[in-house]
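Reader: I would like to learn how to read pockets, cavities and salt bridges in a protein model. Could we go through them in turn?

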Amino acid sequence: MHDYEKTEVLDLNEIKRDKKRESSKKNKFFFRTLPLIMMPILFVLTIISTHSTKLVIIPINYIVYVLLSLFIYLFVISFFIIKKKKGKLTKKKKIKNIFLIFILILYVLGCSTGLFLLYGPYDKFRVWFISTSMSTMHHHYLCKWFYSDDEINKILNKNYIIEVNEDTNTDLIDMKEEKYKNEYEKQILQRNKDQDYKIIELEVNGQKAYLAAIYDPSMVKVAVSKSVGYKGQYATKMASDHKALLATNGGGFANAPGDTTGGRPTGVTISNGKVITDNTYSSDAQSGGLIGMTYDNKLVLIKNASASKAKQMNVRDGVTWGPFLIVNGKKSFIKGNGGWGYAARTAIGQRSDGIILLLVVDSNSTRTKGASMVDLTEIMSNYGAINAANLDGGTSSVMVLPKKEALNYISSCSKDYCYINDPVDSALRHQTRGIASTIIVAK
């Protein structure tokens, strides 16, 4: 055989081997690599679809079942189609294989962990996720993606709050009373004579919290956004406009059409005797009501409030939200975590000596911690509140001080006021949002 003929035969053999290698690569990808990538996520979607059809909708769920079955079949037959190569692997190939296996293990572990948290035998995450999502204004859909209405109701039926069914008895507040009953009383009452307020630093579930004791309840008022009903404002701006000594966020609110700054207050809102809103809108109408300060400087909690009812009860300033935590010294009955989950919180209360308590609790950077209604009730009760209510929470939860007074606490500042806590928004950024109302302390 001539040399050129030998060369031609060699070239043909090499082409055949190349085609065989290419065919083997394609087989390995379609019969093994692709199934390994797709099976975990399809399995996750299959499990989710058995609990809810909101995320994996019909008929997509049936397509998922078919694809999962197909990829399982391809993976099984890959062991018969793909022949194991003989010979030693190169060092580079070994490292590549180890890296791919490691990535695959992390991928499978991630999918498994997600399913374990959502549907595993331990329900702590499930309770937090459902109760927190269902207690917010706009995030009900999150838990409905993963759970049926029956599963959601089962959790909520184990976590709820039954408020005290009484009107506020203002006779229980005696502003002349001042004595130490325990360590909590001492923290509140021990102060300089010229001190308008005092801030006590606490820790709740590993998160920072700030309890302000306001010694003159006549200074506790409601401020609203300048464009209330249309646009919200930052708490620092409202505090600055009213030269507040201290401020927290106030009642609930909704976004006006075409706006996302939360400019529409929930329910009844009264500021310095002027009725700002008198509507029936509430994202949580089954609990809470008007949280108001009367002209004789007493905190009143009014169910089924209207502006006229508030006026009858002598309310000068008020916002609407809830639930009510303590009424006339009686704590609300709380099952589980109260059905509101754990989040950044703000609460207000009044002691029998007239001192107003304003509490803000932070959440963490992933918004999985913070305070439950149980925590708020316990803190308010420990510090002597005989009436107390939950204010709006989440990204809205803030406590604001003038910059010169906030040096030991500063989280972030505007021109002349600072947030002393550390709010976290829905994008996990350390910042707050516009709101419709604030509770201010001003002379």
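This is a predicted model: local features need pLDDT of at least 70, side-chain atom pairs count only at pLDDT 80 or more; totals for chains, interfaces and linings use all residues.

Reader: What is the volume of the second largest pocket, and which residues are the closest to its centre?

Author: The volume of the second largest pocket is about 980 Å³. There are 39 lining residues, and Thr136, His139, Arg367, Gly394 and Thr395 are the closest to the centre. By class, the lining has 13 nonpolar, 19 polar and 7 charged residues.

Reader: How many cavities of 30 Å³ or more are there?

Author: The count is 2 cavities of 30 Å³ or more. The largest cavity has a volume of about 60 Å³. Strands β4 (220-224), β10 (289-294) and β12 (315-321) each give two or more residues to the lining of this largest cavity. Among the residues lining the largest cavity are Val220, Ile291, Met293, Asp317 and Ile439. That lining divides into 8 nonpolar, 2 polar and 2 charged residues.

Reader: What lines the second largest cavity?

Author: The lining of the second largest cavity includes Ala344, Val361, Asp362, Asn421 and Pro423. The volume of the second largest cavity is about 40 Å³. Its lining has 4 nonpolar, 4 polar and 2 charged residues.

Reader: Next, the surface. Which residues form a nonpolar patch there?

Author: Phe99, Leu100, Ile101, Phe102, Ile103, Ile105, Leu106 and Leu109 form one, and together they have about 780 Å² of accessible area. Take Ile103 as an example: this residue is in helix α3 (residues 91-119). Its relative accessible area is 39%, so Ile103 is partly exposed.

Reader: Now the salt bridges. How many does the structure hold?

Author: The general idea is that side chains of opposite charge can pair when their charged atoms come close. This structure holds 9 salt bridges. In one of them the side chains of Lys330 and Glu166 meet, at 2.5 Å from N to O. Lys330 lies in strand β14 (residues 330-331) and Glu166 in the loop between β1 (160-162) and α7 (183-189), so this pair ties together parts that are 164 residues apart in sequence. Lys330 is partly exposed at 45% relative accessibility, and Glu166 is partly exposed at 29%.

Reader: Which residue forms a salt bridge with Lys231, and is that partner buried or exposed?

Author: The partner of Lys231 is Asp259, with the closest N and O atoms 3.1 Å apart. Asp259 is in the loop between β6 and β7 (264-265) and Lys231 in the loop between β4 and α8, so the pair links parts of the chain 28 residues apart. Asp259 counts as buried, because its relative accessibility of 12% is under 20%. Lys231 is partly exposed at 46% relative accessibility.

Reader: Which residues do salt bridges that share partners join into one network?

Author: Glu185, Arg351 and Asp353 are joined into one network in this way.

Notes. Residues are numbered from 1 along each chain as its sequence is written. Side-chain values use heavy atoms; hydrogens and water are left out. On a 1 Å grid over the protein atoms alone, a cavity is a set of points where a 1.4 Å probe fits but cannot get out, and a pocket is an open set with protein on both sides within 12 Å along at least five of seven lines; lining residues have an atom within 4 Å of a point. Grid points are joined across faces, edges and corners, and a volume is the space filled by probe spheres set on the points. Helices (H or I, at least four residues) and strands (E, at least two) are DSSP runs, numbered from the N terminus. Ala, Val, Leu, Ile, Met, Phe, Trp, Tyr, Cys and Pro count as nonpolar, Asp, Glu, Lys and Arg as charged, and the others, Gly among them, as polar. Patches are made of residues with over 30% relative accessible area and no salt bridge: like charges are joined within 9 Å, nonpolar side chains (Val, Leu, Ile, Met, Phe, Trp, Tyr) within 5 Å. Accessible areas come from the Shrake-Rupley method with a 1.4 Å probe; for residues, only the protein chains shown count as cover. A salt bridge is a side-chain nitrogen of Lys or Arg within 4 Å of a carboxyl oxygen of Asp or Glu. Buried means under 20% relative accessible area, exposed over 50%, partly exposed in between (1.4 Å probe, protein chains only).
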